[in-house]
Amino acid sequence: MSLWEKYLNKNSLPNLDKNIMVDTLIIGGGITGLTTLYYLKDYQSVCLVDAGLVGNGVTKNTTGKLTYLQNTIYKDLEKNVGYDSSIEYLKSQTLAITLIKDIITKEKIECNLEKVDSYVFTNKENELNKLKQEYEFLKNYVNVAEKKLPINVSSLYSISVNDTYVFNPIKYLNHLKSMLKDKIYEYTKIKKIIHHRNKYICYSDKYTIIADKVIVACHYPFFFIPFCLPLKSHIEKSYIITRKVKKNPKFSAITVSNPGMSIRYLEDNNEIYEICLASSHKTSSNQDDLKNFSNVKKTFSLKDNEIIDSWSNVDIITDDKLPYIGEAKKNFYIATGFNTWGMTNGIIAAYMLSRFILNEDVPFRDLFSINRTNFYQIKSFFSNTINSLKAFVGSKKRQKDWYSDNLKITTINGKQVGIYTDINGKEHIVYTTCPHMGCSLIFNEIEHTWDCPCHSSRFSLDGKCLKGPSTKDITYKK
Ligand SMILES: Cc1cc2nc3c(=O)[nH]c(=O)nc-3n(C[C@H](O)[C@H](O)[C@H](O)COP(=O)(O)OP(=O)(O)OC[C@H]3O[C@@H](n4cnc5c(N)ncnc54)[C@H](O)[C@@H]3O)c2cc1C
């Protein structure tokens with residue numbers, strides 16, 4: 001369970017109980033979808049559907065830093081897409097911070113928003129130059145300083161900015177949920193979309209929504225065409241542990257590159273939580289959850305009896321490190337590929353998508369275009385395909401000795417199943433092939449979920465699909 005999950009508003013809103021028609025349908029109620037709904041609330045016949053409770057997707061597993069100091073993104077972007085685009089990206093991130101602050105202030109949302117310094121640091125000689133170049137780039141545009149970290153962590157060099165924030169993303173979403181409840185259907189999963197006579201017919205289990213315009217904000221789109229995301233991205237996973245501490249040092253920090261490490265604090269109800277993240281990696285090359293959790297403990301010298309929550313999270317990484325936000329085909333919009341910066345990119349996506357819908361000028365339209373092709377993307381298309389294959393083959397060959405005695409992988413009637421025996425001796429049997437594209441699922445022994453290393457679908461102990469792109473369960477049927 002993540003730290004934020006405790007804050008989740010579990011009083012569910014009604015699910016879709018009849019066929020309806022709207023101008024605009026938003027699929028997905030994370031930070032992206034709900035903020036888009038907020039921007040469109042006064043203008044349109046608009047509704048949002050979520051497969052479960054809103055907020056219960058990737059957003060509830062984030063670390064919730066609102067910062068434009070993102071590893072060494074600006075030097076990376078300069079290399080990938082050029083200097084001007086790098087500056088544009090910086091503008092998009094600072095605008096996103098302003099936009100979310102405006103919403104929080106206007107709607108008086110109590111979500112532990114706190115202004116804190118952000119740091120990027122390195123303890124590796126070979127990253128020193130890159131971080132110094134990032135500093136040189138940024139000092140032309142923002143107030144950045146070469147500054148030591150305020151805690152005792154091994155670091156050779158660090159830089160810092162002071163106009164950034166941390167917040168509680170679930171309190172933010174809860175507020176929007178109660179404000180916009182008349183326009184939201186929970187536990188309504190869209191499984192198929194058909195384009196017919198300028199309308200989109202969107203099918204849930206029982207009912208349909210006919211919409212003129214559709215916004216897909218469901219983290220990983222559940223369809224392959226249009227857009228072919230599996231060929232344009234890979235999945236990165238990180239592990240997070242929280243403990244209580246006595247003082248709030250009021251900063252957040254992140255390392256230059258993988259294996260990543262990040263830290264921030266949450267002060268709430270007279271308690272201070274330290275949120276420690278480490279072991280970031282591509283899921284194609286590393287699938288051992290137990291080992292990765294224990295790396296986090298080692299990195300932050302965490303003792304077992306201090307641990308309050310531990311969880312993992314995945315995000316979609318694009319080849320050129322820019323998100324995909326825009327029109328995939330006429331009146332059909334997608335926002336995804338946030339490269340672990342979806343608090344700011346989700347907000348900027350919401351702003352852009354609402355302006356698309358309202359036919360207003362859309363900033364950063366070309367920069368984040370769904371259909372962009374640049375040299376870097378073409379070059380890394382091949383590495384991406386290899387990555388997908390590696391994840392697929394790796395998942396098939398996964399090492400059985402990762403698992404403890406209460407998990408067995410076997411075959412029943414020619415189909416591979418996983419059998420988990422819980423502490424009461426009850427067996428939980430599921431099919432272990434992901435219904436999305438056929439990868440083998442990995443059992444996550446800390447969180448007791450079945451996770452797909454290829455495209456990040458996730459299933460419960462009894463096979464219920466908790467996260468897409470899969471729209472189907474893996475429940476075993478006798
Ligand atoms: C370890 C980690 C730490 C991070 N920390 C930060 C950070 O500090 N700062 C930052 O800026 N970013 C951070 N991120 C990134 C950020 O958390 C994500 O990019 C962001 O939460 C994605 O939000 P979303 O709204 O796109 O997706 P989600 O929150 O996943 O929302 C999508 C919603 O769509 C619903 N859905 C899915 N399929 C369907 C369907 N078929 N029908 C209906 N509904 C559907 C889901 O139920 C879900 O509620 C981090 C990411 C990781 C992995």
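Predicted model: local features only at pLDDT ≥ 70, side-chain atom pairs only at ≥ 80, totals over all residues.
Let me begin with a term: the radius of gyration is taken here over C-alpha atoms, and the rule for a globule is 2.2 Å times the number of residues to the power 0.38. With 478 residues, a compact globule would by that rule have a radius of gyration near 23 Å, and the protein chain has 22 Å, which agrees. Residues are numbered from 1 along each chain as its sequence is written, and side-chain values use heavy atoms, with hydrogens and water left out.

Now the overall picture. Taken along the principal axes, the C-alpha atoms of the protein chain fill a box of roughly 60 × 55 × 50 Å. The protein chain has eight helices and 24 strands, where helices (H or I, at least four residues) and strands (E, at least two) are DSSP runs numbered from the N terminus. Of the 478 residues, 59% count as buried; buried means under 20% relative accessible area, exposed means over 50%, and partly exposed lies in between, with a 1.4 Å probe and protein chains only. Helix 1, residues 31-40, is mostly covered, with ten of its ten residues buried, among them I31, L34, Y38 and L40.

A cavity is defined on a 1 Å grid over the protein atoms alone, as a set of points where a 1.4 Å probe fits but cannot get out, and lining residues have an atom within 4 Å of a point. Grid points are joined across faces, edges and corners, and a volume is the space filled by probe spheres set on the points. How many cavities of 30 Å³ or more does a search of the whole structure find? The search finds three, and the largest cavity has a volume of about 90 Å³. That largest cavity is lined by 14 residues, of which S233, H234, I235, S388 and C454 lie nearest its centre. By class, the lining has six nonpolar, eight polar and no charged residues, where Ala, Val, Leu, Ile, Met, Phe, Trp, Tyr, Cys and Pro count as nonpolar, Asp, Glu, Lys and Arg as charged, and the others, Gly among them, as polar. The lining also draws at least three residues from each of domain 2 (113-166 + 231-318) and domain 3 (398-467), the domain bounds coming from an automatic or database domain assignment.

C454 brings us to the cysteines. A disulfide is a pair of cysteine sulfur atoms within 2.5 Å, and by this rule the count comes to one. C439 and C454 form that disulfide, with their sulfur atoms 2.0 Å apart. The torsion about their S-S bond is about -105°, so the disulfide is left-handed. C439 lies in the loop between strand 20 (427-431) and strand 21 (442-444), and C454 in the loop between strand 22 (449-451) and strand 23 (458-459), so the pair ties together parts that are 15 residues apart in sequence. C439 is buried, at a relative accessible area of 3%, and C454 also counts as buried, at 9%.

Finally, some points about the backbone. Most residues other than glycine have a negative phi, and most peptide bonds are trans. The peptide bond from I225 to P226, however, is cis, with omega near 0°, and P226 is placed in the loop between strand 10 (208-216) and strand 11. A cis peptide bond also joins G468 and P469, with omega about 15°, and P469 sits in the segment after strand 24 (465-467). N270 is not a glycine, yet its phi is positive, at about 65°; N270 is found in the loop between strand 13 (262-268) and strand 14 (271-282), and it is exposed, with a relative accessible area of 82%. K250, for its part, has a positive phi near 50° and is partly exposed, at 43% relative accessible area.

Notes: 1 Å grid on protein atoms, 1.4 Å probe; cavity = no way out; pocket = protein on both sides within 12 Å on 5 of 7 lines; lining within 4 Å.
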